[in-house]
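Dear colleague,

Please find below the structure that I am handing over to you.

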Protein chains: 2
Amino acid sequence: MNPGKLFVFTGPSGTGKGTILSQVLACEPQLRLSVSATTRQPREGEVNGVHYWFMSQAEFENKIEHDAFLEHACYVGNYYGTPEQPVNDQLAEGYDVILEIEVQGAMQIHKKRPDAIMVFVAPPSMEELSNRLHGRGTESSEKVAARLAQAETELSHQSQFDYVIVNDDLGEAIADLRAILRAERCRVVR
Amino acid sequence: MNPGKLFVFTGPSGTGKGTILSQVLACEPQLRLSVSATTRQPREGEVNGVHYWFMSQAEFENKIEHDAFLEHACYVGNYYGTPEQPVNDQLAEGYDVILEIEVQGAMQIHKKRPDAIMVFVAPPSMEELSNRLHGRGTESSEKVAARLAQAETELSHQSQFDYVIVNDDLGEAIADLRAILRAERCRVVR
């Protein structure tokens, strides 16, 4: 059996990467979503190994020391990270594995795993992204302004990726990601 | 407007590359097939600029001297080649251009145009290729044996290509080529 391929899927907040990915996962049985690890408490209904791998701070830090994460970061006092072993296990079983992750984390993985296929989702324009973030109506204008500033920085990393999907039309963006998965299965590994 | 991308489509005789390509061209309006030049006489119904660019031997040799071909070869006393200018014109107009070509010619283009995306069509196995070539019933067993020997040499070049499509199932092979075209439109050019 051929091993699967590792995909990293990222992009600024508000570009719709979660929506694209959930629809692609629903129709690509060969593709598995990587499960992140966290030290935060499980919320009601969250299942260990499905939504997150829940672990104690000591356990997480021990894994950091043993270089067991593809990437990790600390947000609001909790650790979040991508354990490498479950990813490698699924690749060895022949599944493709995709990580949905922040741009900074994606850049960490890019260094650690040059075999990872890097996919970036971009908004059609900064103006459109601004409209979308304001349109959500769930955040203060200060928070939206901060997200837009971060998006601008993140967009400057686009050229370091293998593929950029401009999410102008959801159906087209879904078709783009599916085409990338399929094409990469035909790709000659050097 | 973004320039189009150049695709080279090749593979041993009998792998079905012509069938795959004609079906993909029928549903990809952004894709244009490159027209070859030749010094052989036009057959009935063949139109200049559609089936071939027909030219005299002097004209062809003059173009060779001026390095006007992406690749060229001589078969049975006639020249065949791919003029570079019409390809560049269509790319500049934003069309993707695909060349269907013999493996040796593909390797020539690979050296001359490192931007070309190289796609190789392989049979599921040598046994299956042998069955297909014998099944055609149009050639002597000596000719089929010669084609199989040539296919074996050509298959050894697979690893120098960007993509390999194994033509086990025609529908899947068509979907593979379409996915490669679509994915390459998202690909970041370095």
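I begin with a loop: Asp67(B) is found between α2 (57-65) and β5 (69-75) of chain B, where helices (H or I, at least four residues) and strands (E, at least two) are DSSP runs numbered from the N terminus. The phi of Asp67(B) is near 55°, a positive value in a residue other than glycine. Most residues other than glycine have a negative phi. In chain A, Asp67(A) lies in the loop between α2 (57-65) and β5 (69-75), and its phi is also positive, near 55°.

Please note that this is a predicted model, in which local features need pLDDT of at least 70, side-chain atom pairs count only at pLDDT 80 or more, and totals for chains, interfaces and linings use all residues. Residues are numbered from 1 along each chain as its sequence is written, chains are lettered from A and ligands numbered from 1 in the order in which they are written, and side-chain values use heavy atoms, with hydrogens and water left out.

As to symmetry, chain A can be laid on chain B with an RMSD of 0.0 Å by a turn of 180° and a shift of 0.0 Å along the axis (least-squares superposition on the C-alpha atoms of residues with pLDDT of at least 70 in both copies). The two copies are thus related as by a two-fold rotation axis. Of the residues of chain A, Ala179(A) comes closest to this axis, at 2.2 Å (C-alpha).

The contact (heavy atoms within 4.5 Å) takes 20 residues from chain A and 20 residues from chain B. Because 100% of the interface residues of chain A are also interface residues in chain B, the copies meet through the same surface. Together the chains bury about 1700 Å², 47% of it on carbon and sulfur atoms; buried area is the accessible area (1.4 Å probe) that two parts lose on being put together, summed over both.

Six salt bridges (a side-chain nitrogen of Lys or Arg within 4 Å of a carboxyl oxygen of Asp or Glu) are found across the interface of chain A and chain B. One of the salt bridges joins Asp176(A) to Arg182(B), with the closest N and O atoms 2.7 Å apart. On the side of chain A that touches chain B, β9 (163-166) and α7 (170-186) each supply at least two residues, and α7(A) gives the most, with nine residues.

Yours sincerely
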